[in-house]
Amino acid sequence: MAAGKLTSVDLTKAYIDRIAALNKRGPGLNAVMDLNPNALKEAEAYDRLRKKGKSLGPAMGLPILLKDLIDVEGMPTTANNWSLRQSFPGSDAGITKKLKERGVVVLGKVGLSEYANSFGSQPSGFGNYGGQVINGIDADQNPSGSSSGTGAAMAAALSTLGIGTETSGSIISPSSTQSLVGLRPTVGLVPGYGIAPISASQDTAGPMVRTVSDAALTLASIAGPDPVADAGYKAMFGDDYIAKGIIPPLPATLPDYTKAIDLDFVRGKKIGYNGTLTEGSPLKIAYDALTAAGAILVPRPQATIPALPALPSGYEQHKSIDSYYERLGPQAPINSLVEEVQVNQAEAHQALKFGNVNHLSSSQADVTPGGANEQAYRTNLAIRKAAWHKAIDDMVTYTNSDPAQPADPVIAILGSTPSAPQAGYPSITIPMGYTATQRRAQNVQVHGNAYSEFNLLGVAYVIEQATKLRQPASFVNPSMYRCAKTTPAPPFAERGACNPDYDAVLKVTGYDSRPLGFSLETETAQSLIQKLNKDEVSAEELTRAYLDRIALTNAEGPAIQAVREINADAIKEARKLDQERWKYRTGEPTSPNDTRPLRPALWGLPVLVNDTIDAKSLSTTGGSIALQGLKPANDSALVARLKAAGAIVLGKTNVTELNGVFDANLPKGYSSLGGQVLLPNDTDKTPAGSSAGAAAATASGLAAITIGMETSLDSAQLLAPADAAGVVGLKPTVGLVSTTGVLPVAKSQDVPGPITRSVGDAATILNVIADPASPVDYTKDLKAGALAGKKIAVVSSTSAPYQEVIAKFQGLGATVTQVSIATPAATDSVVATEFKRDLNAYLGAAKPGTTLQSIIDYNNANPVEGLKYQQGQLLAAQAIDLSDPATNAKYTADLEAGKAANKAVLDSVLSGYDLILVPSGSNVIGYADRAGYPALTIPAGYGAQQSSSGRNPIGVTLIGGAFSEAKLLAGGYALEQAIDDRLAPSYTNPSMWRCVPESTFFTGEFCLPGDRLAPRYKG
């Protein structure tokens, strides 16, 4: 900008465009809560000043994103709290004033853990107003710390500068997790008023940026005295707060922090360190960098802190929050913590997914001025601060951190210090590369005593410049960013093969959206068949509606990344069915001359299948970049049966790469081609298994039904993801459903099965895809009274809602007996042994010349895209040689013994009982996998609101003997009807779905930047 090659307006516009591309589209970071409507005006004003030769500060004209605890006049400050959605402060926070005085463009606000992570039992990054922030370099990993939105936004380069706040780790932790430089300043260096608080004695705002020099620019723009801040501290701590040492006195003159950006900064200076100097560790690399730059490193072990008197429970939070609300003025929607609690409890559906236990508890603390709590707080806080300050001061001042030894001052401490946030002393974290096994961020931290930020910046800069280990997010995790529509295009964009996004899907529909009068999230396949048969909806209308929903949710809005590919001919196929509907009857013949056959069972029903199941004209990749473009010549046997029954194959769903056999570190639902599937009811939680995309799609209403696959608890799974997503999953008996044309894991245990919104749907689909050699009508015995007189063996569990489910069984007339199920005799798994043989056989037919070894070789040749999580399991499988007689003999013995042992354990129970009931996540499901026995997972209830389970679905699983699907489905149906409690993800997780039209819960209010309310227009 100084050279006239870039204007602040152009830079601000570029970031606004990037936010539009990444916040609610592409990776769907959900990081930015609001854009400043005056941002471009501010940028334009600073450009004019620059042309006149005027400078307001070193960061003039640079855009900054602020954590949405920080007041900006004209913008809401929500703290990600539902009750504050209309809270527009009448004046700027202290740091906002300083930023504006120094010419920094306030670009917007970013998300956070609700009320700085001291509200309810929510995960880091979640708030009931804006939803869950996604980690900017790894969608499977929690974004960490309350300043998670700043972390994700800065990792994804949504602004030049960013500000977080910290009470205890909320700048340092998300910065460390998302490979950023994070600086927590000394409490008192930066004005604290106008920031929604937790703890006035620890709260501070500070830079979260991509480089140390940017941290210096940012700190120079926000630091300095402020009389309003001083008055606020006096009101909180007493007029003598400085004399008591609660906050150290601010230096008369602050340094120019930008002058710490000097490669010679540490030369000849002493720096303390602690920790183990393991070769290759971040600490050792930083130590070596400082030594090479001329620093003198001396040991400084952590000082100890004595037992300290406690603060009155809840007092500081209650008092701090009330003080913040009082400052908002009479126009504020909330005037006290007590009122906030009351409002949120009255609007609990949208306000309290994970409860508000911290605010509820703190609201009950007595904050009477001059009262016992205030007196105890001020007295004990001074004692605590003195101890914390002394510990760090001793580390900085004395040999071996021991005041009994000679003084030997250091300028900073590399490693760690005790209770630095509680002391209110500064720390900085520096990116130090990534782990080899998961490519997760590593860091080192540098700490100091009061107002030593200049030294911390200088030390950090030397480490950063000597190592330069930070990489852009798009190189750390290409699958998240490869398909984002940014300018310039992201790295690896030339690969294509993107999950279908809004534009890609609507090109297929011709931008012709036709909303239905019912919710696809809750409508069952059976009810849709009835509507189709009654001509209440056509096959084309239904297909368009599902495609429209994929457009709005897959790489858009909640961006769950469930769908891998769509069938470009789906509408054509649906239209053809509509045109031929007269060929079939839907009930009894209309006359003696009506000889038309009955309409096929799934006529007009759109389905999605795993991206491991062959469907002609669609790719089967298993999520592998090495298999991109593999298009089978024929349908798999089960897809052929679906089509023969009138189903429309809408597309493919994302899977854990190669059905979950890739590397032990690979997260469930991740693939190098499709990225990370997110769970629609809680995008912070694992989608739990390889059929993650299928389960997420079913739960979100992206298809009438989906088909997944189960092999074992450590490879392909459909039961666990169905459980996590709150839908029905049926794993049939091995052999009941053909695996011909299915990319395998281990043929002896592989079995595809339906994932549906009801047990009746699962039975309907099984009728179609089951082996026709032994036809059974699995819907015939679906009756509410099917459990009367049945004997159910129950595995012990005290977890909710398991006990309630047991009571339902008893109420339905079943005899319930608690049993202990033995552990099967130990035998080695055959999954890894069969994998290479079975995969090579499939690939040899589907794409001759392709093998497991060629997949490994391709990944090695493309490591940035293909090896984020390594490929240890692929290498191990490749090393197995079944042509070796000894290896083959052991495999055969393990196969027979493992199956026999698991069958024996289950049969010993099932000999006296009709079915076995197990809780969510039970190991007994693994026994059924090994035995090849069927299992049925059913939604049973939801997590408690005042807990980390926060209205997330919880299932139970029924297990039966070989080919007992009819009995299993009948029992499951009766239980499902008695529970009758399945809720749509948009209802249980409204903050992520309220802006997705046609959802069960949709308001279209308070949408975030990048949200698109599905324009209903053509073109």
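Is Cys995 buried or exposed, and at what relative accessibility? At 7% relative accessibility, Cys995 counts as buried; buried means under 20% relative accessible area, exposed over 50%, and partly exposed in between, with a 1.4 Å probe and protein chains only.

The views below come from a predicted model, in which local features need pLDDT of at least 70, side-chain atom pairs count only at pLDDT 80 or more, and totals for chains, interfaces and linings use all residues. Residues are numbered from 1 along each chain as its sequence is written, and side-chain values use heavy atoms, with hydrogens and water left out.

**View 1. The disulfide of Cys995 and Cys1007.** The sulfur atoms of Cys995 and Cys1007 are 1.9 Å apart. A disulfide here is a pair of cysteine sulfur atoms within 2.5 Å. Cys995 and Cys1007 both lie in the segment after helix H36 (990-993), so the pair ties together parts that are 12 residues apart in sequence. Helices are DSSP runs (H or I, at least four residues), numbered from the N terminus. The torsion about the S-S bond is -95°, and the link of Cys995 and Cys1007 is left-handed. Cys1007 is partly exposed, with a relative accessible area of 26%, whereas Cys995 is buried.

**View 2. The disulfide of Cys483 and Cys498.** The S to S distance between Cys483 and Cys498 is 2.1 Å. Both cysteines sit in the loop between helix H18 (478-481) and helix H19 (502-509), so the pair ties together parts that are 15 residues apart in sequence. The torsion about the S-S bond of Cys483 and Cys498 is about -90°, so this disulfide is left-handed. Cys483 is partly exposed at 27% relative accessibility. Cys498 is partly exposed at 35%. The structure holds 2 disulfides. Their pattern is 1-2, 3-4, with bonded cysteines counted along the chain.

**View 3. Helix H8 packs with helix H10.** H8 spans residues 227-237 and H10 spans residues 315-328. Their axes are 11 Å apart, at an angle of about 140°. Axes are lines fitted to C-alpha atoms over the stretch in contact, and angles run from 0 to 180 degrees between N-to-C directions. H8 and H10 are therefore oblique to each other. Angles under 35 degrees count as roughly parallel, over 145 as roughly antiparallel, 65 to 115 as roughly perpendicular, and the rest as oblique.

**View 4. Residues where H8 meets H10.** Ala235, Met236 and Phe237 in H8 meet Glu316, Lys319 and Ser320 in H10. Contact means heavy atoms within 4.5 Å.

Key
Helices (H or I, at least four residues) and strands (E, at least two) are DSSP runs, numbered from the N terminus.
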